[in-house]
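The following exercises are to be worked with the sequence and the structure in view. Each task is followed by a solution in steps.

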Amino acid sequence: MSGHGAKEFNIKWGMVIDLDKCTGCGACMTACQVENNIAPVLDASNKLRTLSWILVYELSNKKAAPDAEIAYLPRPCMQCGNPACVPVCPVVATDKNEEGGIVSQIYPRCIGCRYCMAACPYHARYFNWEDPVFPKGMEKALSPNTSARPRGVVEKCNFCHTRLMKAKDKARQEGGNPEALADGAYMPACADVCPTGAITFGDLKNPEHKVHELAKSEHAFRLLEKLGLAPQVYYYTRREWVRKLGDNYAATGKAGAEKKHS
Amino acid sequence: MKTQFSVAKFDQKLQERWGEVMEEKKQCKGCGGALPFVIGFVAAVIAGWVLFPDLIYSKKTQPIRFSHKVHQEQGMECSSCHSFRDDGSYAGLPNNEKCMECHADVVGSDPAEAAYVEQYAKTGKEVPWLIYQSQPDNVYFSHKAHESFECKSCHLDVASTDTPPVYYENRLSGYSKQTMKMWQCERCHAENGVSNACHVCHK
């Protein structure tokens with residue numbers, strides 16, 4: 001379990017999401033559901049009970065017609081350097097202990113107490129209120145990359161971790177170093193599918209990876225930076241008002257973000 | 001009047017009897033109840049564990065009596081059939097396509113081979129081999145990462161067997177008795193200084 005202060009690893013898998021490129025199409029959410037075997041919910045009208053490891057929010061600058069602007073913000077798990085969810089787990093079902101810094105979630109170990117969900121300020125964790133039901137025929141399209149979750153456990157984005165394992169195997173097969181993957185060798189489904197290339201993925205500590213520079217840009221920021229959870233997901237925008245919303249800054253004193261999809 | 005009288009008397013008798021019963025119960029504390037049942041149950045479980053340890057497993061035999069020995073005598077390596085794909089994933093057991101490179105028709109005199117050709121090669125049905133090392137859905141195992149080890153350090157040493165070993169299936173869990181347990185994975189990782197982080201093996 002991680003105590004206080006961020007854990008440091010030699011590799012730090014991270015994302016830089018360009019909010020000026022994101023069109024809010026939702027392809028990342030769909031790709032994620034396919035990759036991670038998230039069953040369609042029978043009644044999706046109750047947004048407290050839907051599941052989506054990556055969720056696209058709509059942001060608005062709350063201005064009248066000529067100046068009105070919107071932005072879309074996809075939110076995966078932030079894989080925090082100092083995660084709030086890990087120390088509260090009573091059974092160590094979630095941990096940040098692997099090289100690369102991806103926060104793990106072990107479903108058979110989870111007892112469903114949902115402390116982690118209460119702790120996570122990004123709402124990145126989801127609870128299985130029902131057993132997954134796949135419509136007839138769809139079970140043939142299930143992915144072997146992610147194990148199925150039963151009712152009563154918590155799940156979240158893990159940067160498509162099996163894709164990392166497969167990239168390592170490929171590197172070994174080709175005689176490369178599995179601990180020094182090339183830029184683009186490991187790509188989560190959302191980054192892979194994004195039609196505008198808004199999601200850049202790689203090792204934040206490796207200068208040969210694009211994210212290394214992008215995350216250092218003056219236009220890059222992290223969500224709720226002031227909480228000190230040190231997320232490994234960065235956002236990128238040239239729009240001042242979007243950046244301010246990212247730290248829950250509201251000039252009007254009213255909340256600025258509204259849900260788009262669920 | 002007479003009826004009322006007898007009811008009252010009956011009531012009185014009943015109360016007396018009830019008092020006696022309660023008295024008896026107090027004296028007999030500990031000779032009934034759940035305790036003997038629990039003792040008997042535990043004794044039966046222990047006796048079962050010691051006397052019939054294999055009762056929980058059902059024995060199964062492979063659909064075809066595959067002889068590794070015969071194939072090895074032809075000079076074949078393990079990797080001739082159990083090979084890696086180009087992306088580093090492991091093909092595991094060979095499928096019909098691979099077997100039929102040699103066994104599209106009967107080439108030997110073994111009845112098991114004839115059975116294979118008859119039932120599977122000719123019909124195009126894959127052989128439902130029983131996998132001794134089958135792992136649960138939430139385990140990710142990379143053969144590539146463990147390539148430096150000998151196959152038999154984890155798998156049953158089948159290379160020189162003429163008849164495949166009996167497959168023991170746990171009647172409750174449905175898993176093979178011979179499969180590797182989590183503590184075995186963890187111990188080897190710890191001894192070799194490899195990370196035991198959850199995501200190293202789980203998905």
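**Exercise 1. A sheet in chain A**

In which sense do strand E1 (residues 13-18) and strand E10 (residues 233-236) of chain A pair, and over how many bridges?

Solution. The model under study is a predicted one. Step 1: strands E1 and E10 of chain A pair in the parallel sense, over four bridges. Step 2: within this pairing, A:Val16 stands opposite A:Tyr234 of E10(A). Step 3: E1 and E10 belong to an open sheet of four strands in chain A, ordered E8-E1-E10-E9, with mixed pairing. Step 4: strand E8 (199-203) and strand E9 (220-221) of chain A are the edge strands, each pairing on one side only. In general, strands of a sheet pair through backbone hydrogen bonds, either parallel or antiparallel.

**Exercise 2. The nonpolar cores of chain A**

Determine which residues touch the most other members of the largest nonpolar core, and examine the surroundings of A:Cys190.

Solution. Step 1: the largest nonpolar core holds 60 residues. Step 2: the members that touch the most others are A:Met15, A:Val16, A:Ile17, A:Leu19, A:Ile54, A:Cys190 and A:Ile199. Step 3: leaving aside residues up to four places away in sequence, A:Cys190 touches A:Cys28, A:Ala31, A:Cys32, A:Ile54, A:Pro76 and A:Ile199. Step 4: there is also a second, separate core of six residues, among them A:Met165, A:Ala171, A:Leu181 and A:Tyr186.

**Exercise 3. The buried residues of helix H1 of chain A**

Which residues of helix H1 (residues 27-35) of chain A are buried, and against which elements do they pack?

Solution. Step 1: the buried residues of H1(A) are A:Cys28, A:Met29, A:Cys32 and A:Glu35. Step 2: these residues cover an arc of only 130° around the axis, so they lie on the same side of H1(A). Step 3: the buried residues of H1(A) pack against strand E2 (55-60), strand E3 (70-75), helix H5 (189-193) and E8 of chain A. Step 4: after H1(A) comes A:Asn37, which has a positive phi, near 50°.

**Exercise 4. The overall form of each chain**

What does the globule rule give for chain A, and what does it give for chain B?

Solution. Step 1: chain A contains seven helices and eleven strands. Its radius of gyration is 18 Å, close to the 18 Å that the globule rule gives for 262 residues, so chain A is as compact as a globular protein of that length. The C-alpha atoms of chain A fill a box of roughly 55 × 45 × 40 Å along the principal axes, and 40% of the residues of chain A count as buried.

Step 2: chain B has seven helices and two strands, in the order α-α-β-α-α-α-β-α-α from the N terminus. The radius of gyration of chain B is 32 Å, well over the 17 Å that the globule rule gives for 203 residues, so chain B is more spread out than a compact globule. The C-alpha trace of chain B spans about 105 × 50 × 30 Å along its principal axes, and 6% of the residues of chain B count as buried.

**Exercise 5. The contact between the chains**

How many residues of chain B are in contact with chain A, and how do they divide by type?

Solution. Step 1: 18 residues of chain B are in contact with 21 residues of chain A. Step 2: on the side of chain B that touches chain A, six residues are nonpolar, seven polar and five charged.

Technical notes. Residues numbered from 1 in each chain as written. Chains lettered and ligands numbered in written order. Predicted model: local features only at pLDDT ≥ 70, side-chain atom pairs only at ≥ 80, totals over all residues. Contact = placed C-beta atoms within 7 Å. Nonpolar A, V, L, I, M, F, W, Y, C, P; charged D, E, K, R; others polar. Core = buried A, V, L, I, M, F, W, Y, C linked by C-beta atoms within 7 Å. Buried ≥ 20, exposed ≤ 12 C-beta atoms within 10 Å, placed from the backbone. Pairing = 2+ DSSP bridges. Rg over C-alpha atoms; globule rule 2.2 N^0.38 Å. Arc of directions from axis to C-beta.
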